[in-house]
Structures are given as C-alpha cells and as structure tokens.
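Please read it alongside the sequence and structure shown below.

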Amino acid sequence: MSDYPPKAALGATATIKFPDLAQKYLNYPQLRSNLTRATGTIRAKRAGVVSEVPGWEEMRQAAAEIKDFSIANSDTLLTELEATVTAHGGKVHFASDADEANRIVVEIASSHRFTEAIKVKSITTDEIGLNDALQEAGIAAYETDLAELIVQLAHEMPSHILVPAIHKNRDEIRALFARTIADDSLGSTPKELAEAARLYLREKFLTVPFAVSGANFAVASSGAVAVVESEGNGRMCLTLPKVLVTVMGIEKVIPDMEQLPLFLELLARSSTGERMNPYTSIFSGVHPGDGPEEFHLILLDNNRSSLIAHPLRFQTLRCIRCSACLNVCPVYERASGFAYGSVYQGPIGAILVPQLIGVEKSGSLAFASTLCGACYEVCPVKINIPAVLTSLRATYNQSQASSFERVAFGTAAKLMSNPASLRWGSRLVLRLAPRFAKVPLSWQNALPILGRWTRWRAIPLVRPAKEFRSVGELGRDE
Ligand code: SF4
C-alpha cells in the first residue's frame with residue numbers, strides 16, 4: 001500500500017487544504033530528496049538551452065500574444081477547427097464538463113464493444129477522471145507513458161504535470177516493476193527498467209484496438225492535432241489502434257500551422273530542457289491505410305470558458321503545460337506535488353485549480369507561493385502567475401473572512417489610507433513589536449488571529465534599520 005494519495009479527478013476531493021497536505025508531505029525525506037535532485041537537474045538543463053537562444057524574450061512575447069488572440073477568438077477558432085477536422089474525416093464533440101466528456105469516450109468504446117484502451121499521456125483525461133469512468137463501464141485503461149505507467153501501477157496520484165512519477169527514484173521503480181510487471185530478477189539500470197516497461201507495453205500496443213490521447217495543440221485552419229512526447233509510446237498509441245479519441249481542453253487551439261514551430265521550440269526547451277522534442281506527432285482526421293480508421297476529437301470546456309472574460313485571470317489559459325514553473329518553485333520542491341491535492345500541481349496548479357473548481361473548494365492553493373516571481377520569469381507564455389495568485393487570494397479572503405476579520409481589515413484599510421493615521425500607527429507598531437517579541441512563544445501562539453501569524457513567523461527583536469523606518473517615523477527629529 002503506497003504512502004502517497006491515489007489518483008482522483010479534479011474536484012473529487014471536498015476541499016483542498018494545502019497547508020495540511022504540505023505539512024504532511026514535508027515529513028517525507030525520501031520524497032524531498034528525490035524531488036530536489038530531479039527538479040535541480042531539469043532546472044539546470046532548461047537554463048542552459050534557453051540561454052543559447054537569441055531573442056528568447058521576443059519569442060515569449062509572441063507566444064503570449066498568439067495565445068491571447070486564440071483565447072479571445074476561441075469561439076470562431078473552435079468552429080473552424082470543427083470544420084477542418086470534419087473535412088478530414090474526423091468527428092468533433094463538444095463536452096461542457098467532465099461527465100459529458102467521459103460519457104462520450106465510453107459511448108465510442110462501447111459502440112465497438114471495446115474492453116481495453118491504451119492511453120498516451122493526457123493530463124486532461126486525469127482531470128476528468130476518465131480511467132475510473134472507463135473502469136465503471138468495464139473497460140480497462142493502460143497508461144503507456146512510462147511515468148504515467150509507474151503511477152498507475154503504484155495506484156498513486158501524479159505529482160508533476162510533466163514527469164508524473166518524479167517523486168520516485170530508480171530503486172523504488174525497480175521494486176514496483178518487480179512486484180507488478182516483472183519479477184525479482186529485474187535489475188535497476190535505466191535500460192533494464194525501460195526494457196521491462198517495453199515488454200509489458202508492446203503487447204498492449206499490438207493487441208488493443210482503442211486509444212485515448214491528449215493533445216498539446218490543435219490548428220484551426222488545418223484541423224491538425226499535435227502531440228509531443230519523449231518515448232515514442234505516444235506515436236504507437238496514435239497510429240496503431242483502429243479507433244483514436246483525443247481529449248483536449250478548448251484552450252489548446254491556435255489559428256495557423258505557421259505558429260506551431262514557435263510553441264514547439266518554447267515547449268521543448270522549457271519542459272525537458274531539450275533543443276527539440278524527441279517525438280512530435282502531427283495528424284489530421286483519417287486516411288485510408290494509414291493510422292486509425294476512426295478519429296474523434298473531444299473539446300473540453302470544464303469551466304475554462306468562464307476564465308476568458310476576466311481581465312487578469314484569462315492568461316491562465318495560455319499555459320502550454322511545460323512545467324517550468326514547477327521546477328523553479330521553492331514551495332513545490334519542498335511540499336511536493338501531493339500537497340496540491342490535484343492533478344495540476346505547482347504554480348500553474350495553484351492558479352488553475354481554484355478557477356476550474358472554485359476558490360471556495362481550493363482557494364488555499366492561492367497561498368501556496370512565496371510570490372518570489374520565479375514562475376513568471378521562466379514561463380514561456382509569460383503568464384503573470386504572482387498577479388493571478390494575488391487576485392485569487394483577494395477573492396478567497398473575501399469569501400472566508402470572519403466578521404471580526406472584516407472589521408479589522410476594514411479599519412486597517414481606513415487607517416492606512418490616511419497619511420497621519422498611518423504615521424502614528426506605524427510608530428505604535430515599531431514601539432510595541434520588540435516588547436511583544438519578548439513574550440513567551442507559547443503565549444504568543446495562543447492568541448486569537450495573531451497566533452496564526454506567530455506560529456510561523458518570528459516578531460523581530462530589534463527595531464528595523466533606520467532606512468526602513470522612514471514611513472513610521474516620518475517627521476521625527478533624530
Ligand atoms: S504556467 Fe507557464 S511555466 Fe507553468 S506550466 Fe504553464 S506554460 Fe509552463
């Protein structure tokens with residue numbers, strides 16, 4: 001039985017309590033050491049390949065603008081995509097929520113009496129809980145991405161949007177494979193582990209006639225869908241089965257093919273720190289004698305369209321799921337992906353999840369950040385994650401504040417908006433804080449409201465340096 005949580009669809013948990021989950025997973029030293037090593041390696045690789053590209057900033061800006069255009073015009077682009085996919089022999093389905101998307105996939109599988117499905121890594125299908133829906137319908141789903149296979153065999157939640165098994169080291173994977181798909185004679189070199197997975201998966205690729213994939217991009221003008229992956233397992237999923245269903249969020253659409261190379265370059269360098277992605281499959285509709293005989297594209301909304309009109313938060317939909325923000329986030333590295341309680345972790349999870357399932361259920365995620373800005377700096381589509389986080393914090397605080405807090409913060413706002421009262425208030429705090437700091441910590445922590453601050457932060461014993469006292473001591477002769 002794993003120590004880590006089992007996979008659950010987005011919104012399946014009643015409330016995500018980030019502080020409690022973070023507290024729990026901070027106590028797993030092996031998890032922290034695995035994460036530190038893995039994120040450190042990816043960070044260094046990314047920094048190296050990004051620094052060699054002249055005009056990286058201009059590329060980020062261009063990608064952000066294309067995404068913003070696509071989001072603002074998603075209604076016409078999606079209609080165009082439907083027409084072009086249909087013209088190439090595919091079938092497009094619109095799904096307003098997870099249940100509808102799952103129902104469509106199950107209906108397609110059932111109409112062919114399929115009892116098995118192979119899947120290429122699709123975080124969107126994790127979001128909707130597709131594997132559970134398939135299982136309920138008597139259809140066994142097999143993950144074919146190596147990292148996804150590992151978490152599926154371990155019955156665990158993915159802990160990273162790109163490397164779902166990043167929390168596991170090689171010895172742990174060896175033990176898991178020896179228990180599930182191999183035997184005790186299995187070695188622990190990467191080659192031996194990959195071979196064990198290959199033998200297990202190859203049989204599925206050659207015998208299962210039904211596949212479900214995700215998509216990284218879809219091109220409205222041509223109906224082409226792009227899937228990028230590192231192992232080639234995805235390409236087998238996309239080409240060998242008779243029937244292929246691709247599930248993608250509506251924000252993945254871009255207008256034209258000419259824009260795709262920009263995103264492919266940004267994605268490869270930002271995600272795995274490679275100059276070019278090893279396997280990029282681009283396909284459209286069906287072609288006799290070449291690939292699946294039937295292709296379905298499911299366009300999933302699941303609350304995404306509610307973000308479009310927000311003047312700040314809409315930029316969340318620019319995300320190309322590169323995971324660069326996770327790899328630089330000090331909170332993610334220490335608390336782990338499990339602390340985010342969902343299939344989307346790290347800074348992107350902290351802004352996306354509250355908007356998809358509601359701040360009342362997951363608003364504490366907006367506080368899972370030091371606001372250091374590292375995520376914004378590395379984001380290839382320039383999502384201002386700190387700004388979105390503070391906006392979500394405001395909404396969450398308004399929804400959660402007790403009447404005492406409302407009065408206290410209302411009074412503080414009034415005092416701070418008046419220079420004279422701010423001056424006198426600051427002087428008072430500067431005088432009282434050092435005295436209060438000498439009160440025993442257990443007494444400080446027992447205080448209502450204030451104790452929630454002192455439990456995690458120390459009150460400074462010394463007065464701030466003179467240059468930092470200018471506001472509080474304005475007008476004072478020294
Ligand atoms: S928010 Fe930006 S950095 Fe994070 S996963 Fe999305 S595109 Fe990548």
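In this predicted model, Val92 stands opposite Leu297 in β10. The strands concerned, β1 and β10 (residues 294-300), run parallel and are joined by five bridges. Both belong to an open sheet of six strands, with parallel pairing, in the order β1-β10-β7-β4-β2-β3.

- Strand β7 (residues 243-249) is mostly covered, as seven of its seven residues are buried.
- Val243, Val245, Val247 and Gly249 point one way from β7, whereas Leu244, Thr246 and Met248 point the other way; all are buried.
- On one pairing, β7 and β10 run in the parallel sense over seven bridges, and Leu244 has Phe295 of β10 as its bridge partner.
- Strand β4 (residues 210-213) is also parallel to β7, the two being joined by four bridges; here Ser213 stands opposite Thr246 in β7.

**The four-stranded mixed sheet**

- A further open sheet consists of four strands in the order β8-β5-β6-β9, with mixed pairing.
- Its edge strands are β8 (253-254) and β9 (279-283), and each of these pairs on one side only.
- Five bridges connect strand β6 (residues 225-229) with β9 in the antiparallel sense.
- Within β9, Thr280 is the bridge partner of Val228.

**Helix α15**

- Helix α15 (residues 346-357) has 12 residues and should span 16 Å at 1.5 Å a residue; its end C-alpha atoms are 16 Å apart, which agrees.
- This helix is mostly covered, with 12 of its 12 residues buried.
- Among the buried residues of α15 are Gly346, Pro347, Gln355 and Ile357.

**Salt bridges**

- The structure holds 18 salt bridges.
- Glu52 and Arg269 meet through their side chains in a salt bridge of 3.0 Å, N to O. Because Glu52 lies in the loop between α2 (29-51) and α3 (56-72) and Arg269 in helix α12 (residues 260-271), the pair ties together parts that are 217 residues apart in sequence.
- Glu52 has a relative accessibility of 37% and counts as partly exposed, whereas Arg269, at 8%, counts as buried.
- Arg304 and Glu127 form a salt bridge in which the closest N and O atoms are 2.8 Å apart. This pair links distant parts of the chain, 177 residues apart: Arg304 is in the loop between β10 and α13 (324-328), and Glu127 is in helix α6 (residues 123-128).
- Arg304 is buried, with a relative accessible area of 1%, and Glu127 likewise counts as buried at 1% relative accessibility.
- A salt bridge also forms between Lys168 and Glu156, with 3.0 Å between the closest N and O atoms. Both Lys168 and Glu156 lie in the loop between α8 (146-153) and α9 (170-180), so the pair ties together parts that are 12 residues apart in sequence.
- Lys168 and Glu156 are both buried.
- Salt bridges with shared partners join Lys7, Lys119, Asp126, Glu143 and Glu148 into one network.

- Ser391 is found in helix α18 (residues 385-400). It counts as buried because its relative accessibility is 15%, and the cut-off for burial is under 20%.
- Ser391 and Arg313 are 78 residues apart in sequence, while their C-alpha atoms are 8.0 Å apart in space.

**A nonpolar surface patch**

- Leu447, Leu450 and Trp453 make a nonpolar surface patch of about 270 Å².
- Leu450 has its place in helix α22 (residues 450-454). With a relative accessible area of 39%, Leu450 is partly exposed; it therefore passes the requirement of over 30% relative accessible area for residues in such a patch.

Terms used. Residues numbered from 1 in each chain as written. Predicted model: local features only at pLDDT ≥ 70, side-chain atom pairs only at ≥ 80, totals over all residues. Heavy atoms only, no water. Patch = residues over 30% accessible without salt bridge, like charges linked within 9 Å, V, L, I, M, F, W, Y side chains within 5 Å. Areas by Shrake-Rupley, 256 points an atom, 1.4 Å probe, with all protein chains shown as cover. Salt bridge = Lys/Arg side-chain N within 4 Å of Asp/Glu carboxyl O. Buried < 20%, exposed > 50% of the residue type's maximum accessible area, 1.4 Å probe, protein only. Pairing = 2+ DSSP bridges. Expected span 1.5 Å × (residues − 1).
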